[in-house]
Structure formats: C-alpha cells, structure tokens
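Subject: Structure for your review

Dear colleague,

I am passing on the structure below, together with notes on some of its features. Please read the notes with the structure open beside them.

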Amino acid sequence: MSRGIDYGNLMHTAMRGLIKTVLSDVEQKGLPGAHHFFITFDTRHPDVGLADWLSDRYPGEMTIVVQHWYENLHVDDDGFSITLNFGDTPELLYIPFDAIKTFVDPSVEFGLRFESPDSDETDEMDEDEEDDDDERHSDAEVVSLDSFRKH
C-alpha cells in the first residue's frame, strides 16, 4: 500500500498557522497602521463560543470585523477569543481556527479562503483500489487576490 501526500490539508494547516501568527502579533502589539480583518467563521462548529442571541441571528456563518474597537484578544493553540461590540453590547467570542472560512485584510489586499469538502462526498477508498483521479484529493484552492484589489 502506498500513501500519498495530502497537500490540501497541509496547506490548510499552514494557512491557519499564518492566521495564528498574525493574531498573536496583534494580541501583543495591536493592529498596525490601516490593517483590519474580516473573519468569516462557521457558527455551527462545536467549539465556537457565541452568545445564544448571536447564534440565533447567525445560524450558519458570521463575519466579524477586527478594526477600531475590540478587547481581550487572546490567541491559543486552537483558536482565539475576542470581545467585540454588537449594538453597544460587548460580547466575548471564541473562534477555533478550523471554524474559519475566510480571513481578509483589505488594507493590503490579502485574503484566505478555506473550502470544506461537501458532506455527501467521501474520499475514502478500499486499500486495493487505485486512484487515477487526482481531483479526489484536491482540497486546496488557489485564492485570487484580484477580488480584494482596489480599482
């Protein structure tokens, strides 16, 4: 039995590590210059920490903006917590890195998108079955930054 290199998962791990590094730096030093982040995450992820009224309002995904007002940013190995203001109500959120769907810093035209495999597709194969279809292992996506560029 031969094993392959799962480049898709390796790339996702590396990209989530980049987000962790960026947020850790912001935790220590604050946001530099005009940098700010739009972070979209899956509110259904089992480890997301979200007030009930927010999960009711955003039952599938939610986008937060980390820019002018935020407090208590804390990054750990699995995710980050942050207090944000929702209509003059501060709320503490916990977002695991693997719940993040997109991470964008429009000030420098940078963005990452994480694609999750469709739930009805399985990539598991019998040990003796040969895989000639490279698309079955394609979890990574090349993200074009053109959509984030200012014109």
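This is a predicted model: local features need pLDDT of at least 70, side-chain atom pairs count only at pLDDT 80 or more; totals for chains, interfaces and linings use all residues.

Residues are numbered from 1 along each chain as its sequence is written, and side-chain values use heavy atoms, with hydrogens and water left out.

A search of the whole structure gives 4 salt bridges (a side-chain nitrogen of Lys or Arg within 4 Å of a carboxyl oxygen of Asp or Glu). One of them joins Lys 20 and Asp 77 at 2.9 Å, N to O, and this pair links distant parts of the chain, since Lys 20 is in helix α1 and Asp 77 in the loop between β3 and β4 (79–86), 57 residues apart. Helices (H or I, at least four residues) and strands (E, at least two) are DSSP runs, numbered from the N terminus. Lys 20 is partly exposed at 27% relative accessible area, whereas Asp 77, at 62%, is exposed; here buried means under 20%, exposed over 50% and partly exposed in between, with a 1.4 Å probe and protein chains only.

Lys 20 is also among the contacts of Val 75 (heavy atoms within 4.5 Å), which include Leu 23, Phe 80 and Phe 97 when neighbours within four places in sequence are left aside. Val 75 lies in strand β3 (residues 71–75) and is buried, with a relative accessible area of 11%.

A second salt bridge, between Glu 61 and Lys 101, has its closest N and O atoms 3.1 Å apart, and it connects strand β2 (residues 61–66) with strand β6 across 40 residues of sequence. Both of these residues are in contact with Thr 40, which is located in strand β1 (residues 37–42) and is buried at 9%.

Strand β6 (residues 100–105) runs antiparallel to β7 (residues 110–113), joined by 4 bridges (pairing requires at least two DSSP bridges between the strands). The two strands form a hairpin with 4 residues between them, and Glu 109 in the turn has a positive phi of about 55°.
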